Structures are given as C-alpha cells and as structure tokens.
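In this notebook I record what I looked up in one structure.

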Amino acid sequence: MPIRAVIDTNVLFSPRLRAEFQELAFQGVFAALWSPWIIAELNRVLVWQWITERTQGDLSPANERACSQSAKEMMTLLLSAFEIVNPRPPYPEAWGDLTDIDDHPIWAAAVEGKAQYVVSDNIGDYPPQQPDGRHVHQGIEYISGQGFLTMLLSDLTH
C-alpha cells in the first residue's frame, strides 16, 4: 500500500511543491489526500493572491476570466492526482494543545483518509515532538512540505 498523506493548503501555495506533489501522486509514488476544506481554502487564497499581488487589484472582466481559467487548470491537474476525503464535524479528538480550530479539519482528513502523514508548513500546529524528534499523534506524523518531498525522492532512489 502506498504512503498516504494529507497535503495541507499552505504547502499547495507553492507552485513548485504543488507541481511536484501532483506529479508524484499521479505516478503513484504516494496517495495525496485533500478535502473540500483544503480545496476551498486553496482556491480562496490563490484567487486573493491573484487579485492583490499578481495583477495589483485588476478587477476587469478580462482578468476575472484569466483568473478563472488558471484556477480551473490547476484544479484539473490536482483532481486527476489527489484523492478527496470529506470528514464532517464533529471531528475526531486531536492532541490537547491544538488550539487553532482551522486545523481540526486537516487532522480529521488525515484520520478519515487513513493517512500516515500530514504534510504541512504550519509547524506551530504540529502535535507535540516525540523523543525521536518527530511530531506524531495517533500514528500520524506531521512533516514539512520540503521534508516530505525529500523523503519521497530519497525512497525513489533507493
């Protein structure tokens, strides 16, 4: 069974990591998981970034069409490679100091998707560090986007 990993929104912000994970998942190197929560957050952030940073507030119909087309292309690529899990509240119990309620749906997606990893660059909301240095809760390890990519590529070369 391949490695199963929830890819958190903040990792998908990076076009490079997004493309790398999409390609590796498409090749079957690992099972990439996401949820409606992650999809909605990614779309919201990237559209806002498109408007405010990429096009400096251009609200013209032409820019709206370009933004829409770009979003559809990204979704087409990711939907072809990512598996959707849809956890619904109430979410499973997390570790005691997970205080960011916006990270509970990520944890729930990992539990429902039977993931071994949550790939997230939101280090402040990882489970407590274990004696071996890893951040693991109920058998699910939290790891950075670059750390997970390095691990996958290392496994491919061995």
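**Entry 1: helices α2 and α4.** I began with α2 and α4, which pack at an angle of about 35° with their axes 8 Å apart. Axes are lines fitted to C-alpha atoms, for helices over the stretch in contact, and angles run from 0 to 180 degrees between N-to-C directions. I noted that α2 and α4 cross in the left-handed sense. A crossing is left-handed if the near helix is turned anticlockwise from the far one by less than a right angle, and right-handed if clockwise. On the α2 side I listed R18, Q22, A25 and F26, and on the α4 side M74, L77, L78, S80 and A81. Contact here means heavy atoms within 4.5 Å. By class, these residues are six nonpolar, two polar and one charged. Ala, Val, Leu, Ile, Met, Phe, Trp, Tyr, Cys and Pro count as nonpolar, Asp, Glu, Lys and Arg as charged, and the others, Gly among them, as polar.

**Entry 2: basis of the values.** The model is predicted: local features need pLDDT of at least 70, side-chain atom pairs count only at pLDDT 80 or more, and totals for chains, interfaces and linings use all residues. Residues are numbered from 1 along each chain as its sequence is written, and side-chain values use heavy atoms, with hydrogens and water left out.

**Entry 3: L78.** I then turned to L78, which lies in helix α4. Helices (H or I, at least four residues) and strands (E, at least two) are DSSP runs, numbered from the N terminus. Leaving aside neighbours within four places in sequence, I found L78 in contact with R18, Q22, W34 and L42. W34 is 44 residues from L78 along the chain, and their C-alpha atoms are separated by 9.7 Å.

**Entry 4: helices α3 and α4.** Helix α3 (residues 36-54) packs with α4 at about 145°, the axes being 11 Å apart. I recorded this crossing as right-handed. Among the residues in contact are L42 and W50 of α3 and N63 and L78 of α4. The contact holds eleven nonpolar, three polar and one charged residue.

**Entry 5: N63.** N63 also belongs to α4, which spans residues 61-81. Its relative accessibility is 8%, and therefore N63 counts as buried. I found a polar atom of the N63 side chain 2.7 Å from the backbone oxygen of D58. Not counting residues up to four places away in sequence, N63 touches W50, T55 and D58.

**Entry 6: helices α2 and α6.** The axes of α2 (residues 15-26) and α6 come within 11 Å and cross at roughly 35°, and the crossing is left-handed. The residues in contact include F21 of α2 and F148 of α6.

**Entry 7: aromatic rings.** How many aromatic pairs are there? I counted eight, where rings of Phe, Tyr and Trp (its six-membered ring) pair if their centres lie within 6.5 Å, and planes under 30 degrees apart count as stacked, over 60 as edge-to-face and the rest as tilted. F30 and F148 form an edge-to-face pair, at 5.3 Å centre to centre and 75° between the planes. F30 lies in strand β2 and F148 in helix α6, so this pair ties together parts that are 118 residues apart in sequence. Both F30 and F148 are buried. Lastly, I noted that ring pairs link F21, F30, Y117 and F148 into a cluster.

Methods: Buried < 20%, exposed > 50% of the residue type's maximum accessible area, 1.4 Å probe, protein only. Polar contact = N/O pair within 3.5 Å; in protein donor to acceptor, adjacent residues only side chain to side chain.
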